[in-house]
Amino acid sequence: MFKKILVANRGEIACRVFSTARRMGIRTVAIHSDVDAEAVHVKMADEAVSIGGKTAAESYLIIDKVVDACRQSGADAVHPGYGFLSENAEFSERLAKEGITFIGPSASAILCMGDKITSKKLSAEAGVNTVPGFMGIIKDAEECVKISADIGYPVMIKASAGGGGKGMRIAWNDAEALEGFERSRSEAKSSFGDDRIFVEKFITQPRHIEIQVMADSHGNCIYLGERECSIQRRNQKVVEEAPSPFLDEATRQAMGDQAVALARAVDYVSAGTVEFIVDSQKQFYFLEMNTRLQVEHPVTELITGVDLVEQMIRVAAGEKLGMTQGDVKLTGWAIESRLYAEDPKRNFLPSIGRLGRYRPPQTLSTAEHVVRNDTGVEEGGEISMYYDPMIAKLCTWSTTREAAIDDMSRALDQFDLMGVGNNLQFLSSIMKHPRFRAGDLSTAFIDEEYPDGFHDTDPPAETMALFAVAATVITERSQRAAVSGHGAAVLRGRQDAATRDVVAIIGQSQTRLTVRSTADGIVLQDESGKETSVSTDWTPGQTIATIQIDDKEHDFKLYPRVAALGLEHGGYLIKAQVLSPRKAELAALMPIKAPADLSKFLLCPMPGLVTTLMVNVGDSVEPGQPLAMVEAMKMENVLQAEKAGIVSRIPVFEGDSLMVDDIIMEFEA
């Protein structure tokens with residue numbers, strides 16, 4: 001067995017590998033850029049080596065620097081994690097020459113399966129179902145348009161060396177194919193150093209279902225069930241689960257058998273994932289094979305009880321798999337939610353900043369419930385613009401899918417995070433969505449259910465009632481705490497020490513309640529006479545309130561608001577006021593301030609780099625016309641005109657770094 005493993009990665013996946021290595025008694029080595037000098041993965045490892053630089057291209061992607069770190073530390077094996085050099089055959093070969101074991105597949109398998117074009121051809125030869133498409137190298141945008149038209153729209157334009165949703169575009173017509181080719185090639189060159197592009201038929205309403213395989217060097221290869229990864233946006237997975245709510249046992253076995261056949265065809269060794277798209281008739285087609293550990297591997301671990309990282313390490317050390325296909329049992333259900341530093345209300349654009357508050361829900365492991373949070377950050381840490389914006393992977397497991405979703409919904413409500421824009425509220429919204437809960441999924445789910453993006457909406461009546469109760473109880477306890485230090489027997493303005501009337505105002509909704517204190521807590525009575533028993537241990541200053549409402553616990557996040565209370569629960573964010581009836585009457589008379597008119601400006605929607613300015617001062621622009629391109633976290637974002645106008649001012653230059661809402665252009669009508 002290895003004595004020391006270096007992880008050629010950062011963040012949560014480095015921490016994940018370290019945890020298993022530590023349990024196995026293997027010493028660990030972290031590498032880090034200048035930006036990551038104080039990162040969690042650096043603190044977690046037994047030792048760390050600085051490789052300098054800021055961006056991935058200056059640090060984690062430089063093979064010489066990683067090899068030098070191995071020499072300095074004396075590491076005899078390297079785990080690549082995912083991303084970065086994990087699917088780089090040159091890196092694998094270089095380690096072999098240095099006498100260092102690569103914890104992953106052979107260089108030849110990486111070359112065959114890591115290249116999307118080659119893998120399509122090999123999969124067809126191995127008898128694996130494939131999607132119709134053009135597997136040759138496309139030389140320019142005009143050829144891409146011709147090929148796309150021949151295949152028939154819609155098509156998927158993809159980087160041959162791609163992954164993680166980068167270098168991918170869906171085109172529905174010639175114009176989109178023309179632009180999509182250029183954007184995909186540019187992103188592919190930036191992210192992977194390889195700008196080769198291919199095109200395949202895009203299957204509408206598909207489900208993205210993948211098979212986890214594990215193989216050793218002794219001829220053993222098994223599959224460990226499937227993962228459903230259909231909840232995506234911009235081809236980036238957001239929510240994953242295992243098993244799939246769609247597959248039957250026959251389809252699962254057929255997909256598993258084909259995945260194993262493909263792995264055997266390239267003498268695959270280690271953990272790998274064969275991805276399929278599946279149509280409504282359960283017809284499945286090979287998409288690609290990822291020759292590495294997947295981001296979403298925890299859900300497979302939770303339903304199988306297999307530590308995939310441990311198996312990768314043991315297989316790389318020459319051991320046989322400790323299980324056969326018959327030993328693989330799928331138990332219960334697991335859900336994974338990817339927590340990103342991004343703003344769903346700004347079209348999911350990335351966010352950067354310092355984590356002023358980072359308090360995940362408490363981890364849990366019982367016979368019926370598991371809560372697991374894989375992360376590589378801590379409170380006070382910084383989310384930089386140089387790397388992927390994923391903060392954590394929150395996972396839950398339970399005996400049924402419904403219970404696992406309920407556990408996830410509550411865990412998201414308990415996740416306390418401030419300092420950067422994040423998608424927690426959006427993830428909560430998905431967990432509550434009737435279509436998701438029914439298992440009616442496709443990769444178009446987010447586009448179809450959130451066609452105008454994610455925005456705050458009015459909660460349904462049942463949730464609105466919970467908010468009214470929570471706001472009333474929190475206000476009640478806050479007022480009691482405010483006067484208790486002065487020895488007051490009653491709250492000022494009360495009708496009675498034990499009973500008083502209030503109005504909970506949420507948006508345009510008003511709920512009149514009578515508050516009555518009891519020995520066990522508080523009883524709220526609405527206008528119909530219905531009573532609700534409430535109790536809580538919340539005290540002012542706590543940012544999450546757990547409130548028991550009629551024998552069921554609910555969690556509410558609190559946010560400061562001017563003369564009001566901000567509450568988040570179940571994917572809804574509201575502003576509440578709890579006033580006396582007379583104050584509520586007066587509040588209804590207050591004028592509403594109109595928002596500022598920003599329509600004459602093009603504002604930067606995310607922190608990023610201005611790479612291209614497409615118009616000049618004095619130019620006339622039309623709605624939908626591209627104006628500028630901003631690059632953020634390796635993604636190129638084209639900013640378009642919302643209405644017609646004339647460019648009157650451009651205060652920025654190409655190459656400028658901008659923050660959110662910095663002015664890029666100003667217009668006159």
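Two strands pair if DSSP finds at least two bridges between them. Helices (H or I, at least four residues) and strands (E, at least two) are DSSP runs, numbered from the N terminus.

This is a predicted model: local features need pLDDT of at least 70, side-chain atom pairs count only at pLDDT 80 or more, and totals for chains, interfaces and linings use all residues. Residues are numbered from 1 along each chain as its sequence is written, and side-chain values use heavy atoms, leaving out hydrogens and water.

**Stop 1: the open sheet.** Select its 5 strands, which run β3-β2-β1-β4-β5 with parallel pairing. β3 (47–50) and β5 (101–102) are at the edges with a single partner strand each, so one side of each has no neighbour in the sheet. Now pick β4 (77–79): 2 bridges join β4 to β5. Ala-77 has Thr-101 as its bridge partner in β5.

**Stop 2: helix α1.** Select residues 11–23 and find Thr-20 there. Thr-20 is buried, at 2% relative accessible area (buried is under 20%, exposed over 50%, partly exposed in between; 1.4 Å probe, protein chains only). Beyond neighbours within four places in sequence, Thr-20 is in contact (heavy atoms within 4.5 Å) with Asp-307, Val-309, Glu-310 and Ile-313.

**Stop 3: strand β10.** Select residues 207–215. 9 of the 9 residues are buried, so β10 is largely enclosed by the rest of the structure. Arg-207, Ile-209, Ile-211, Val-213 and Ala-215 point one way; His-208, Glu-210, Gln-212 and Met-214 point the other.

Met-214 stands opposite Ala-271. Finish at Gly-219 in the β10–β11 hairpin, with a positive phi near 90°.
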